[in-house]
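The following note sets out points for a colleague who is examining this model. The sequence and structure come first, and the numbered points follow.

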Amino acid sequence: MATRIVVILVICILRFRLNSRLAVFNTWEKFQIVIPFVDAWIGLDDLETEGTFKWADGSVLDDNLKSRIFYPGEPNAVYPEEDCACQRCWSNYNKLCDGPCYLAKNYLCEKVI
Ligand SMILES: [Ca+2]
Ligand SMILES: [Ca+2]
């Protein structure tokens, strides 16, 4: 599981050089940045503990924000490998879904300064 995140991070590093990671949008205000993007991974996953989503900076997603940024009914772990959070992962879903981390999608990265 962790290998998949490493692969994703390597792609981000190649795109933005050193000190980048999948982007953290850990407030409702920051999440507004994500909304226009389609089919894109962000820095949020439950790879470490199923059901506990953590941001790429190591902080845990709080329940209040979770209910606002995930599409209703998501995250649902329909498949065992749905461990990464994707913006507009499926057609008309306009918020986050959990999806299989190995799927090829866009990546939203940020450079850590
Ligand atoms: Ca999961
Ligand atoms: Ca899902």
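1. Terms and provenance. Two strands are taken to pair if DSSP finds at least two bridges between them. Helices (H or I, at least four residues) and strands (E, at least two) are DSSP runs, numbered from the N terminus. This is a predicted model, in which local features need pLDDT of at least 70, side-chain atom pairs count only at pLDDT 80 or more, and totals for chains, interfaces and linings use all residues. Residues are numbered from 1 along each chain as its sequence is written, while chains are lettered from A and ligands numbered from 1 in the order in which they are written.

2. Confidence. The predictor's confidence in each residue is given as pLDDT, from 0 to 100. Its mean over the protein chain is 85, and 82% of the residues reach 70 or more.

3. Overall organisation. The protein chain contains three helices and seven strands. Read from the N terminus, their order is α-β-α-β-β-α-β-β-β-β. Two residues are in contact if their C-beta atoms, placed from the backbone, lie within 7 Å. Of the contacts with a separation of 6 or more, 57% are between residues 24 or more positions apart.

4. Burial. A residue is buried if 20 or more other C-beta atoms lie within 10 Å of its own, exposed if 12 or fewer, and partly exposed in between, with C-beta atoms placed from the backbone. Buried residues amount to 29% of the 113 residues in the protein chain.

5. Pairing of β4 with β5. Strands β4 and β5 run antiparallel and are joined by five bridges. Within this pairing, E82 has P100 in β5 as its bridge partner, and A85 is bridged to D98 of β5. Six of the six residues of β4 are buried, and the strand is mostly covered. Four of the five residues of β5 are buried, so β5 is largely enclosed by the rest of the structure.

6. Pairing of β2 with β4. Three bridges join β2 to β4, and these strands also run antiparallel. Here A40 stands opposite Q87 in β4.

7. Nonpolar core. A nonpolar core is a set of buried Ala, Val, Leu, Ile, Met, Phe, Trp, Tyr and Cys residues joined through C-beta atoms within 7 Å. The largest one has 20 residues, and those with the most contacts inside it are L22, W41, I42, A85, C86 and L96. Strands β2, β4 (82–87) and β5 (96–100) each supply at least two residues of this core. The largest share, four residues, comes from β2. In soluble globular proteins, nonpolar side chains tend to be buried together.

8. A85 and L44. Not counting residues up to four places away in sequence, A85 touches I42, L44, D45, F53, L96 and D98. L44 lies in strand β2 (residues 40–49) and is buried because 25 other C-beta atoms lie within 10 Å. Leaving aside neighbours within four places in sequence, L44 is in contact with F53, W55, L61 and A85.

9. D63. Which helix holds D63? D63 is placed in helix α3 (residues 63–69). D63 counts as exposed because it has 8 C-beta neighbours inside 10 Å. D63 and F53 are ten residues apart in sequence, and their C-alpha atoms are 9.7 Å apart in space.

10. Backbone geometry to inspect. Most residues other than glycine have a negative phi, and most peptide bonds are trans. A cis peptide bond joins E74 and P75, with omega about -5°, and P75 is in the loop between α3 and β4. A77, in the loop between α3 and β4, has a positive phi of about 45° although it is not a glycine. A77 is partly exposed, with 13 other C-beta atoms within 10 Å. R88 is a residue other than glycine with a positive phi, near 45°, and its place is in the loop between β4 and β5. With 21 C-beta neighbours inside 10 Å, R88 counts as buried.
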